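Dear colleague,

I am passing on a structure for you to look through, and below it I have set out what was found in it. Please keep it open beside this message while you read.

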Amino acid sequence: MTSDLLTKYFPTLTARQLEQFKRLPELYQFWNDQINVISRKDIEQLYERHVLHSLGIAKVMPFLPGEKVLDVGTGGGFPGIPLAILFPETEFYLVDSIGKKIKVVQEVAKALGLTNVKAAHQRAEQVNEQFDFVISRAVTRLKEFYPWVKGKFSRQSNNILPNGILYLKGGDLEQEIAESGLAVQQYYLKDYFDEEFFETKQVIYVKG
């Protein structure tokens with residue numbers, strides 16, 4: 001199930017990437033038993049609900065070598081860890097305000113040999129660096145999220161979309177988008193993935 005699901009949508013994965021992805025269940029099971037970062041029922045659906053969901057961002061935005069990506073409210077490392085495996089030459093900075101979750105991220109990244117991941121116990125507002133993209137997964141409403149990261153984007157854009165936010169969200173977002181007052185582009189994950197889980201899932205893009 002694991003590698004089949006990933007190679008179905010990402011057929012060019014290298015042997016090293018596949019090996020790293022295959023190690024995720026055992027690593028998260030181990031850390032979840034000590035620090036509950038993923039709900040018990042979801043750990044059995046790790047590839048679909050966490051790994052593939054995170055990689056939905058890659059379908060919208062293939063990150064480039066040398067780009068810097070900030071993952072806000074990463075929790076146990078989603079979407080940052082799966083994307084860091086997929087894009088080994090892109091730099092990922094994962095932050096969360098809960099220290100024990102960052103410990104899990106650091107240990108998982110270390111076990112996988114991910115040299116392109118840095119993780120810190122930090123709120124987004126405290127980060128003083130510039131990034132090409134900010135990623136996140138349903139941390140809060142768009143209206144609250146945008147001020148946290150406004151002004152953290154590099155001026156030079158090199159990718160297919162200008163530097164900005166790539167936010168994984170689910171459900172009916174019409175009201176949330178309207179109240180944010182932001183110009184957004186919506187990408188529906190059901191256009192990329194067949195599984196029922198993705199029927200209501202989206203990547204929201206906001207220019208930085």
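Before we start, one cut-off is needed: a residue is called buried when its relative accessible area is under 20%, exposed when that area is over 50%, and partly exposed in between. By that rule Glu 125, with a relative accessible area of 38%, is partly exposed, and so is Arg 123, at 42%. Please also bear in mind that this is a predicted model.

Salt bridges

Glu 125 and Arg 123 are joined by a salt bridge, in which the closest N and O atoms are 3.7 Å apart. The structure holds 9 salt bridges, and one of them brings together the side chains of Lys 68 and Glu 129, with 3.1 Å from N to O. This pair links distant parts of the chain, since Lys 68 belongs to strand β1 whereas Glu 129 sits in the loop between β3 (117-121) and β4, 61 residues apart. Lys 68 has a relative accessible area of 26% and is therefore partly exposed, and Glu 129, at 31%, is partly exposed as well.

A further salt bridge runs between Glu 107 and Lys 103, whose closest N and O atoms are 3.8 Å apart. Here both residues lie in helix α6 (residues 99-112), 4 residues apart, which is about one turn of the helix. An α-helix has 3.6 residues a turn, so residues three or four places apart point the same way. Glu 107 counts as partly exposed at 26% relative accessibility, and Lys 103 counts as partly exposed at 38%. Finally, Lys 8, Asp 194 and Glu 195 are linked in a network of salt bridges.

The nonpolar cores

Which residues of the largest nonpolar core touch the most other members? This core has 55 residues, and the ones in question are Leu 24, Tyr 28, Phe 63, Ile 81, Phe 92 and Leu 166. Helix α4 (residues 46-60) gives the most to this core, with 8 residues. If neighbours within four places in sequence are left aside, Ile 81 is in contact with Leu 24, Tyr 28, Leu 94, Val 105, Val 108, Ala 109, Leu 112 and Leu 114. Apart from this core lies another, of 21 residues, which includes Leu 70, Phe 153, Tyr 167 and Ile 204. In soluble globular proteins, nonpolar side chains tend to be buried together.

Helix α7

In helix α7 (residues 142-149), the buried residues are Leu 142, Phe 145, Tyr 146 and Val 149. They cover an arc of only 100° around the axis, and therefore they are on the same side of α7. Among the elements that cover these buried residues are β1 (68-72), β4 (133-137), β5 (164-170), α8 (174-180), β6 (184-188) and β7 (201-207). Just after α7 comes Gly 151, which takes a positive phi of about 85°.

A buried threonine

A polar atom of the Thr 90 side chain lies 2.9 Å from the backbone oxygen of Leu 64. Not counting residues up to four places away in sequence, Thr 90 touches Phe 63, Leu 64, Pro 65, Gly 66, Glu 67, Val 69 and Asn 116.

With best wishes

Conventions: Residues are numbered from 1 along each chain as its sequence is written. This is a predicted model: local features need pLDDT of at least 70, side-chain atom pairs count only at pLDDT 80 or more; totals for chains, interfaces and linings use all residues. Side-chain values use heavy atoms; hydrogens and water are left out. A polar contact is a pair of N or O atoms within 3.5 Å; within protein, one must be able to donate a hydrogen and the other to accept it, and residues adjacent in sequence count only if both atoms are side-chain atoms. Contact means heavy atoms within 4.5 Å. Buried means under 20% relative accessible area, exposed over 50%, partly exposed in between (1.4 Å probe, protein chains only). Helices (H or I, at least four residues) and strands (E, at least two) are DSSP runs, numbered from the N terminus. The arc is that of the directions from the helix axis to the C-beta atoms. A nonpolar core is a set of buried Ala, Val, Leu, Ile, Met, Phe, Trp, Tyr and Cys residues joined through side-chain atoms within 4.5 Å. A salt bridge is a side-chain nitrogen of Lys or Arg within 4 Å of a carboxyl oxygen of Asp or Glu.
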